[in-house]
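Hello,

Here is the structure I promised to pass on.

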Amino acid sequence: MKFRVIIIDDLSFMRTAIREILEDAGIMVAGEAENGLAGFELYNELQPEVVLMDITMPVMDGIESLKKIREKYPDARVVMCSALGQQEYIIKSIQLGARDFIVKPFRPERIISAVQKAVS
Ligand SMILES: [Mg+2]
């Protein structure tokens, strides 16, 4: 199955790292955004099959962005990626419909399997 992923994270090096992991696995990255609001707008524009969403971001955080995306697109597949120590957001994310929750620093295989599982 051909599918597209977008990456929403305020750190450009993190977006680049995730993009490289996905592209090395043959997964297409359709776009990137640097905060939750820009990510929501990018989702509207591209309606990708999977979103990789950071939590702590300026302007709008990943929890709020997840909420907005899932309100408008109930079938949206969103995988949360959070820094160590933010596990309190796991339950909140799952309640809001996130497919998975990855804790940084992550192994490349973890990202790839979460994305593949989300679309399968
Ligand atoms: Mg962040």
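**What I found**

Of the 120 residues in the protein, 40% are buried (20 or more other C-beta atoms lie within 10 Å of the residue's own, with C-beta atoms placed from the backbone). Please keep in mind that this is a predicted model: local features need pLDDT of at least 70, side-chain atom pairs count only at pLDDT 80 or more, and totals for chains, interfaces and linings use all residues. Residues are numbered from 1 along each chain as its sequence is written.

The protein has 5 helices and 5 strands (DSSP runs numbered from the N terminus: H or I of at least four residues for helices, E of at least two for strands). From the N terminus, the order of elements is β-α-β-α-β-α-β-α-β-α.

The 5 strands make an open sheet, ordered 2-1-3-4-5, with parallel pairing (two strands pair if DSSP finds at least two bridges between them). Strand 2 (28-33) and strand 5 (100-104) are the edges, each pairing on one side only. Strand 1 (residues 4-8) pairs with strand 2 in the parallel sense over 5 bridges. In strand 2, Met-28 is the bridge partner of Arg-4.

Helix 3 (residues 62-72) packs on the sheet and touches strand 1, strand 3 (50-54) and strand 4 (78-83); contact means C-beta atoms, placed from the backbone, within 7 Å.

As for overall dimensions, the C-alpha trace spans about 30 × 30 × 25 Å along its principal axes.

Best wishes

Notes. Contact = placed C-beta atoms within 7 Å. Axes fitted to C-alpha atoms, helices over the stretch in contact; angles between N-to-C directions. Buried ≥ 20, exposed ≤ 12 C-beta atoms within 10 Å, placed from the backbone.
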